[in-house]
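Trainee: I would like to learn how to read the packing of helices in a model. Please take me through it step by step.

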Amino acid sequence: MYHKLQKRPIETLEQLHYDLQLAIELEFSTLPVYLTALYSIEEGTNQCACTVIRSVVMEEMFHLTNAANLLIATGGSPAINSPEFLPAFPTKLPDGETWFEADLQKFSPEALQNFLNIEMPTALAKEGDITIGEFYAGIENGLQTLHNRMGPELFPADCHDKQIAHKYYYGGGGELTPVTDLASANFALNAIIAQGEGVPDECWDPDQPFPLGDTTGIGSGDHQLFMQPRELSHYYRFNELLLGYRYVQGDTPNSGPTGPAIPIDYHLVYNVVKNPQPEHYQPYPAIARLDTEFNLTLSLLLDQLHLAFNGQPDLLVAAVGTMFGLKEKAQSMMRVPLPDHSGHNATPTWRYIAAKDRPGGC
């Protein structure tokens with residue numbers, strides 16, 4: 001089982017490192033959820049939905065890298081290549097949400113509602129429900145507490161060059177900047193919160209229209225943080241898909257999207273089994289082999305990311321190729337019907353295989 005949130009304020013460097021490792025695990029744990037839905041869409045169909053989910057996935061990788069850089073900048077070392085890094089689905093997210101579980105399932109309205117639960121803004125959550133934004137606010141408070149006590153020593157100079165530089169980062173989602181002090185650390189955290197939830201609590205006004213360029217309401221604030229064109233936060237991108245319409249200038253959180261319809265056909269989706277477990281495939285050796293091949297590729301990806309975040313950043317280039325291989329294996333598996341006459345197709349279980357358990361391992 002991967003790490004779970006310790007419900008306490010951050011008052012020690014050890015606690016900060018624990019929560020930043022948790023942040024890395026949190027960001028990666030969303031990827032199987034989003035990618036299972038994305039890969040279940042039949043090739044060449046539902047282009048708008050594919051574009052939205054793919055954009056969020058790229059930004060989650062950006063968030064993961066920001067969290068890893070924060071951990072490295074404060075003297076920690078990311079731990080990525082182990083079975084404990086990945087949850088078994090369905091799962092509660094590691095940052096403390098108890099009111100829903102994240103599922104592996106085909107692209108559907110149910111999947112989109114699951115996405116909305118993951119990206120829920122604090123201002124929309126029920127009283128007492130933990131959100132990702134609150135989790136990162138706790139880290140931000142902890143950084144301030146430790147900086148008050150340690151000053152610049154919180155960010156050792158010899159850790160600056162160990163971080164992942166922007167030149168190694170593949171894809172969009174923002175620009176990686178080195179974490180060297182409290183201001184740059186908060187910048188990295190704010191980028192994560194803005195892209196996911198899209199709004200700090202003190203700016204929330206559900207009846208206030210958001211003009212283009214405004215960072216309150218439903219915009220992600222990317223244009224302000226990274227000098228990029230404004231786009232919606234993750235929550236509202238997924239909400240567009242669920243409701244089937246685009247947000248346009250003048251819309252508010254209460255009004256919902258009033259723009260053009262988004263073409264979505266849920267019939268053009270492979271009917272993959274929900275939350276598969278390895279034992280589901282034991283009676284079907286050919287499908288079990290496909291699942292193992294996928295998980296071996298996933299394990300290679302995590303090995304490459306682990307080494308990249310621990311002194312070998314060039315391996316991020318190789319990791320990009322591995323991610324494409326992961327997509328091909330997932331889509332090949334999803335085309336295979338289960339022989340149990342359930343009407344479901346196979347889908348990967350997303351498990352890390354330790355080196356000793358791999359073919360030829362020791």
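Trainee: At what angle do helix 4 and helix 5 pack, and how far apart are their axes?

Mentor: Keep in mind that this is a predicted model. The angle between helix 4 and helix 5 (residues 182-196) is about 175°, and their axes lie 10 Å apart. Angles over 145 degrees count as roughly antiparallel, and helix 4 and helix 5 are therefore roughly antiparallel to each other.

Trainee: Which residues of helix 4 and helix 5 meet?

Mentor: From helix 4 the list is Gly 133, Tyr 136, Ile 139, Glu 140, Leu 143, Gln 144 and His 147. They meet Leu 182, Ala 185, Asn 186, Leu 189, Asn 190, Ile 192 and Ile 193 in helix 5. Sorted by class, the contact of helix 4 with helix 5 has 8 nonpolar, 5 polar and 1 charged residues. As for spacing along a helix, an α-helix has 3.6 residues a turn, so residues three or four places apart point the same way.

Trainee: What is Ile 139 in contact with, leaving aside its neighbours within four places in sequence?

Mentor: Ile 139 is in contact with Ile 10, Leu 16, Asp 19, Leu 20, Ala 23 and Leu 189, with those neighbours left aside.

Trainee: Which residues touch the most other members of the largest nonpolar core?

Mentor: The general idea is that nonpolar side chains tend to be buried together in soluble globular proteins. Here the largest nonpolar core has 89 residues, and Tyr 136, Ile 139, Phe 238 and Leu 305 touch the most other members. Elements giving two or more residues to this core include helix 1, helix 2, helix 8 (285-308) and helix 9 (315-334). There is also a second, separate core of 7 residues, with Tyr 281, Tyr 284, Leu 338 and Ala 346 among them.

Trainee: Why is helix 3 described as largely enclosed by the rest of the structure?

Mentor: Count its buried residues: 7 of the 10 residues of helix 3 (residues 109-118) are buried, so helix 3 is largely enclosed. Among them are Ala 111, Leu 112, Asn 114 and Phe 115. The buried residues of helix 3 pack against helix 1 (13-40), helix 2 (47-73), helix 4 (132-150) and helix 7 (234-243).

Trainee: How do helix 3 and helix 7 pack?

Mentor: Their angle is about 160°, with the axes 9 Å apart. That makes helix 3 roughly antiparallel to helix 7, and the crossing is left-handed. The contact of helix 3 with helix 7 has 8 nonpolar, 2 polar and no charged residues.

Technical notes: Residues are numbered from 1 along each chain as its sequence is written. This is a predicted model: local features need pLDDT of at least 70, side-chain atom pairs count only at pLDDT 80 or more; totals for chains, interfaces and linings use all residues. Side-chain values use heavy atoms; hydrogens and water are left out. Buried means under 20% relative accessible area, exposed over 50%, partly exposed in between (1.4 Å probe, protein chains only). Helices (H or I, at least four residues) and strands (E, at least two) are DSSP runs, numbered from the N terminus. Contact means heavy atoms within 4.5 Å. Axes are lines fitted to C-alpha atoms, for helices over the stretch in contact, and angles run from 0 to 180 degrees between N-to-C directions. Angles under 35 degrees count as roughly parallel, over 145 as roughly antiparallel, 65 to 115 as roughly perpendicular and the rest as oblique. A crossing is left-handed if the near helix is turned anticlockwise from the far one by less than a right angle, and right-handed if clockwise. Ala, Val, Leu, Ile, Met, Phe, Trp, Tyr, Cys and Pro count as nonpolar, Asp, Glu, Lys and Arg as charged, and the others, Gly among them, as polar. A nonpolar core is a set of buried Ala, Val, Leu, Ile, Met, Phe, Trp, Tyr and Cys residues joined through side-chain atoms within 4.5 Å.
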